[in-house]
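Subject: A structure to look through

Dear colleague,

I am passing on the structure shown below, together with some notes on what turned up in it. Please keep it open while you read.

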Amino acid sequence: MDNFRKRAVFVVLISVVAILLLWLTWTARYVLLLLFASCIGALILSTFTNWLRSWIPMRRGIAFAVVITVTGLMIALLIWARGSLLLQQLGDLQSYIPSAVRQIHSRLQSETWGRWLLAQVEDSEQLARGASFVLSGIRGAMYLTGAAIAAMFLITVSSLYFGAEPDFYLRGVRRIVPATYRSTFEACLTSVTKTVRAWLLARLLSMTAIGALIAGGLFLMGVPLAGTLGIIAALLTFVPNIGPILSVVPAALLAFAISPTKGFMTILLFCLAHFLEGNLVSPLADRGIVKLPPSLTLSVQLLLGSITGALGVALAAPLTAVALSVLRVVLPPEKSQPTASGSVHKLQQRVQAL
């Protein structure tokens, strides 16, 4: 009877602890995502630090300080050179998009097929005003809100702390892990580090390729704010599946406002750019990393988006990569069993050797 009571108490305690952990995880879900983003930032800084030390032997603290200084100077130089122009173009985009929506609506009303199309929608004037209002809010998504600024500040500061002394924090985590599982933990940590580092490099190459192709193509077609639209397309490429769809909206609206031909050419340009990126850049960049099934990534994006909003959508892909890399260590693929013909062939070779 005493054993039964002890087991019952143990089960109740475990259940209470599990419920508390789930409640804490749910309550701190935004904080956990910010910490995950900070870990990604720390990994980027550590990668550059290790790369610098491989070229120039020096202490890690000095190398880290050099990386931070160079990065800060490059950001400051970029803001000084293009910051005011970029802000001006983003402000112009806020006024261009509602005007483009009104021009498209007027053009549809001047065409027979356009009037038929608008007639299929109840209260098309209200639809146009609503679309203009919604699309004018794109600038709000581009400009960082107060919460986004605070989040970026926290991510930056945490990345600096984690990147400066990663071993200090890892030692604390290792002490929590039971001794019997430490080897598995180290294998998972190594796999996650390699996977996320390679994934980030692949994303960086893809973002650069998309930004250059979009900006160059829109400039040649005479679409206004080609450079800003290229930067938006490059940044949204970080978010698979959803980002490329969102990036085409402002560019297509501005192009359709000029002429339907340029609008369809803009959509074709985005399709061509992502086709080239998916078939030329990604196969070269994604070599050696965990492949992310699009359906799985999209499912995680929808799940995290419903729970944590835009932050979860942005971090869904790296979280999926981390989960798959851990599963690859914890649940390794089964080795194929030797076939009967292979066994007979090996036996014949041994007999011939005798």
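Glu277 forms a salt bridge with Arg203, and their closest N and O atoms are 3.9 Å apart; the term stands for a side-chain nitrogen of Lys or Arg within 4 Å of a carboxyl oxygen of Asp or Glu. Because Glu277 lies in helix H12 (residues 260–285) and Arg203 in helix H9, this pair ties together parts that are 74 residues apart in sequence. Helices here are DSSP runs of H or I with at least four residues, numbered from the N terminus.

Please bear in mind that this is a predicted model, in which local features need pLDDT of at least 70 and side-chain atom pairs count only at pLDDT 80 or more, while totals for chains, interfaces and linings use all residues. Residues are numbered from 1 along each chain as its sequence is written, and side-chain values use heavy atoms, with hydrogens and water left out.

Glu277 is buried, with a relative accessible area of 8%, and Arg203 also counts as buried, at 13% (buried means under 20% relative accessible area, exposed over 50%, and partly exposed in between, with a 1.4 Å probe and protein chains only).

A search of the whole structure finds two salt bridges. Arg174 forms one with Glu186, where the closest N and O atoms are 2.4 Å apart; Arg174 sits in helix H8 (residues 166–176) and Glu186 in helix H9 (residues 182–221), twelve residues apart. Arg174 is partly exposed at 25% relative accessibility, and Glu186 is partly exposed at 28%.

Conventions. Helix = DSSP H or I, 4+ residues; strand = E, 2+ residues; numbered from the N terminus.
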